[in-house]
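Please work through each task before reading its solution.

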Amino acid sequence: MTLRLHLICHAPGAANRAQIFRADEPLDAIGLKKLACVVGPSVSDARVLCSPALQAVQTADALGFDALPEPLLRDCDYGRWAGLSLDYVYAQHPEHIAQWLQDPAAAPHGGESIVDLISRAGGWLGALQYSETQDKKHDIIAITHASVIRAAVVFALGAPASAFWRIDVAPLSLTRLSGHQMRWNLSSLGDLPRKSTRA
């Protein structure tokens with residue numbers, strides 16, 4: 001049977017707009033307002049998972065999902081950069097930012113490299129296909145971070161790690177993957193549907 005995976009990028013917060021390497025933070029008023037305008041995918045009998053991060057949990061709750069926390073869906077570990085802005089880190093250590101952007105195996109922040117993140121996402125995808133054979137759920141909704149979704153797409157397509165930086169994943173976007181016998185396909189990329197404004 002084919003496994004259908006619906007990856008939702010959580011609503012934006014202040015860190016997104018300020019280009020801050022994310023630490024765990026709640027959604028702000030702007031993010032909550034955007035979240036109030038969309039609906040989750042209409043999938044019956046789906047297993048719903050989410051990153052343990054507050055933004056992902058709040059997004060899942062607002063979309064009406066009773067999501068189970070999944071540690072493998074946590075954001076990239078930015079190490080010493082967590083909570084700092086990209087501009088600040090670049091001003092202090094431009095060579096570290098250059099290394100991070102050019103070498104997917106590099107982790108100048110002391111956290112997780114892009115290669116490590118892709119490996120984590122790939123391990124999670126593999127575990128999903130195994131668990132699907134056990135519990136017979138063929139649809140999975142996962143609320144997570146842009147970095148994790150990009151990593152999952154890179155792994156699913158068998159693309160080089162450098163492709164990570166060439167995939168844009170917007171807040172409140174929906175990425176669909178389909179998997180069968182340990183092979184994954186990218187089904188679609190887009191935004192979550194907006195709520196109807198009809199009276």
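**Exercise 1.** In this predicted model, determine how far the sulfur of Cys-76 lies from the closest cysteine sulfur, and decide what follows for a bond.

*Solution.* Step 1: the closest cysteine sulfur to that of Cys-76 belongs to Cys-9, at 14 Å. Step 2: a disulfide requires the two sulfur atoms to be within 2.5 Å, so the sulfur of Cys-76 is too far away for a bond. Step 3: Cys-76 has a relative accessible area of 5% and is buried.

**Exercise 2.** Identify the salt bridges and classify the partners as buried or partly exposed.

*Solution.* Step 1: the count is two salt bridges. Step 2: one joins the side chains of Arg-4 and Asp-139, with an N to O distance of 2.8 Å. This pair links distant parts of the chain, as Arg-4 lies in strand β1 (residues 3–9) and Asp-139 in strand β4 (residues 139–144), 135 residues apart. Step 3: Arg-4 is partly exposed at 37% relative accessibility, whereas Asp-139 is buried at 10%. Step 4: a salt bridge also pairs Glu-112 with Arg-120, their closest N and O atoms being 2.8 Å apart. Step 5: the threshold for burial is under 20% relative accessible area; Glu-112, at 9% relative accessibility, is therefore buried, and Arg-120, at 9%, is buried.

Terms used. Residues numbered from 1 in each chain as written. Predicted model: local features only at pLDDT ≥ 70, side-chain atom pairs only at ≥ 80, totals over all residues. Heavy atoms only, no water. Salt bridge = Lys/Arg side-chain N within 4 Å of Asp/Glu carboxyl O. Helix = DSSP H or I, 4+ residues; strand = E, 2+ residues; numbered from the N terminus. Buried < 20%, exposed > 50% of the residue type's maximum accessible area, 1.4 Å probe, protein only.
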